[in-house]
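Subject: Structure handover

Hello,

My notes on it follow.

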Amino acid sequence: MDNKTLAKNIVKLVGGKENIQSVAHCATRLRIIIVDKEKINKDEIENLDRVKGSFFNAGQYQIILGTGLVDKIYDEVMILMENDFSNKTVVKKEGNSFQRAVRVFGDIFVPIIPVLVATGLFMGLRGLLTQESVLGLFGMTPDSIPQQFLLFTQVLTDTAFAFLPALVCWSTFKTFGGNPVLGIVLGLMLVNSALPNAYEVGQHTAEPLVFFGFIKVVGYQGSVLPAFITGIIGTKIEKFLKTKVPDSLDLILTPFLTLFVSITLGLFLIGPIFHSVELGVLYAVEFLLELPLGIGGLIYGSFGQLLGIFGIHHILNFLEINMLSQTGWNMLNPIGTCGNMAQAGAVLAVAMKTVSPKMKQIAYPSCFSATLGITEPAVFGVNLRLVKPFIMAMIGGGVGGFLASILHLKATGMALTGIPGTLLYLNNQLPLYILVNVVAFAVSFILTYTIGYKNTSSETV
């Protein structure tokens with residue numbers, strides 16, 4: 001089944017174009033807000049070729065397609081929908097306020113993740129190529145590395161975080177219906193070279209500008225929350241102006257006033273306040289993860305897997321981006337990847353022990369997907385349905401997270417877990433990364449195979 005046919009079938013089986021309120025996607029799932037849930041043929045959708053499962057979460061009907069494919073199917077669905085979204089009747093907002101807020105987080109940060117993944121890989125590759133042991137294989141030392149090469153790698157690794165506010169503002173404007181170009185410019189204003197560099201101020205090699213005797217102003221390189229809030233305010237200002245400014249003056253006044261008011265608020269009010277909030281959240285998460293005796297890793301490794309089920313895992317994107325931009329390291333990734341590998345171990349145990357051919361057809365591919373970091377088929381297709389395998393995976397993830405915390409593992413990037421995640425540990429951490437994942441997988445597999453799953457011919461999937 002080609003992409004166009006799959007997209008047509010999905011639209012048809014969710015009740016047709018008239019039953020679709022809006023469509024979005026994350027890294028692995030097509031996310032559809034439905035007018036009438038009763039019109040969805042869930043069983044037929046899950047039987048479609050290349051569809052790995054589906055579920056309702058955070059007010060959306062989410063169809064699991066996997067990385068790469070989801071982008072292509074989303075494009076085909078949008079072509080099919082054409083201008084239908086603009087003619088929809090108003091329906092009740094799906095989900096509560098918290099769920100809708102989390103969904104907004106996802107809509108804003110998911111488009112940014114690919115460039116941060118690439119940046120993390122650049123950082124890992126630079127770490128590998130500059131290791132003394134690797135250089136020794138070629139008869140070189142760190143002093144042998146040309147400065148031009150180091151400068152080139154710095155361009156690759158520093159650009160995304162130096163201009164992170166521009167990415168955040170662009171995505172925020174796009175999500176809230178503003179002009180994305182205004183968002184980019186607003187974000188660039190927050191990191192303008194005329195402002196003291198945030199990193200240099202943090203290292204006490206530069207001083208912030210002081211306005212009115214008490215407002216300290218710096219650039220917001222690597223900052224997320226100030227750009228996020230400034231972007232939201234900016235879109236509200238732009239939309240308000242479009243309703244008040246005459247059409248003949250719209251091209252002149254709307255962008256001028258939007259940028260002027262937004263950057264004024266961003267630099268003098270929003271930035272100082274929310275940068276402090278951002279740092280407070282970061283310190284709180286780091287405090288949890290650095291609890292003695294690996295307790296933080298045990299807690300997050302065990303219960304972090306529940307975040308995806310409740311649809312609030314996109315909050316982690318904000319935390320990971322903050323960690324990487326402020327410290328250059330991601331302490332959540334090595335613990336979270338243990339949870340993913342534990343899901344793979346549990347679903348493999350089910351696959352090997354079950355007597356149901358249908359269950360085997362689902363479980364074996366789900367195990368492979370989970371080792372690549374895509375756990376939705378394993379979680380929603382097998383482990384969570386059977387309950388006990390999911391609990392065993394939580395235990396396995398907790399054990400792996402405990403070890404990762406004890407060993408102080410840190411990733412150079414984000415969004416890659418399992419086997420692809422090894423690219424974020426191309427330094428002396430790699431053997432330890434493999435160890436904690438093998439332990440998480442093994443504990444989950446053994447517990448599920450021995451006490452967590454009883455095979456029966458009457459089970460349904």
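The largest nonpolar core has 60 residues. A nonpolar core here is a set of buried Ala, Val, Leu, Ile, Met, Phe, Trp, Tyr and Cys residues joined through side-chain atoms within 4.5 Å. Buried means under 20% relative accessible area, exposed over 50%, and partly exposed in between, with a 1.4 Å probe and protein chains only. The residues with the most contacts inside this core are Phe109, Leu116, Leu164, Val168, Phe228, Leu289 and Leu332. Helix H12 (residues 247-289) gives the most to it, with seven residues. Helices (H or I, at least four residues) and strands (E, at least two) are DSSP runs, numbered from the N terminus.

The model is predicted: local features need pLDDT of at least 70, side-chain atom pairs count only at pLDDT 80 or more, and totals for chains, interfaces and linings use all residues. Residues are numbered from 1 along each chain as its sequence is written, and side-chain values use heavy atoms, with hydrogens and water left out.

Leaving aside residues up to four places away in sequence, Leu164 touches Ile112, Leu116, Gly222, Ser223, Val224, Ile321 and Ser325; contact means heavy atoms within 4.5 Å. A second, separate core of 23 residues includes Leu6, Ile10, Leu13 and Ile45.

Strands E1 (residues 20-25) and E2 (residues 29-34) run antiparallel and are joined by five bridges. Two strands pair if DSSP finds at least two bridges between them. E1 and E2 form a hairpin, with three residues between them, and Ile20 stands opposite Ile34 in E2.

On cysteines, a search of the whole structure finds zero disulfides, a disulfide being a pair of cysteine sulfur atoms within 2.5 Å. For Cys367, the nearest cysteine sulfur is that of Cys338, 15 Å away. Cys367 is buried, with a relative accessible area of 9%. Cys169 is also buried, at 0% relative accessibility.

Two backbone angles may be worth a look. Most residues other than glycine have a negative phi. Arg50, although not a glycine, has a positive phi of about 80°. Arg50 lies in the loop between helix H2 (42-46) and strand E3 (53-57), and counts as partly exposed because its relative accessibility is 31%. Val387, not a glycine either, has a positive phi of about 70°. Val387 sits in the loop between helix H18 (376-386) and helix H19 (388-406), and is partly exposed at 46%.

Regards
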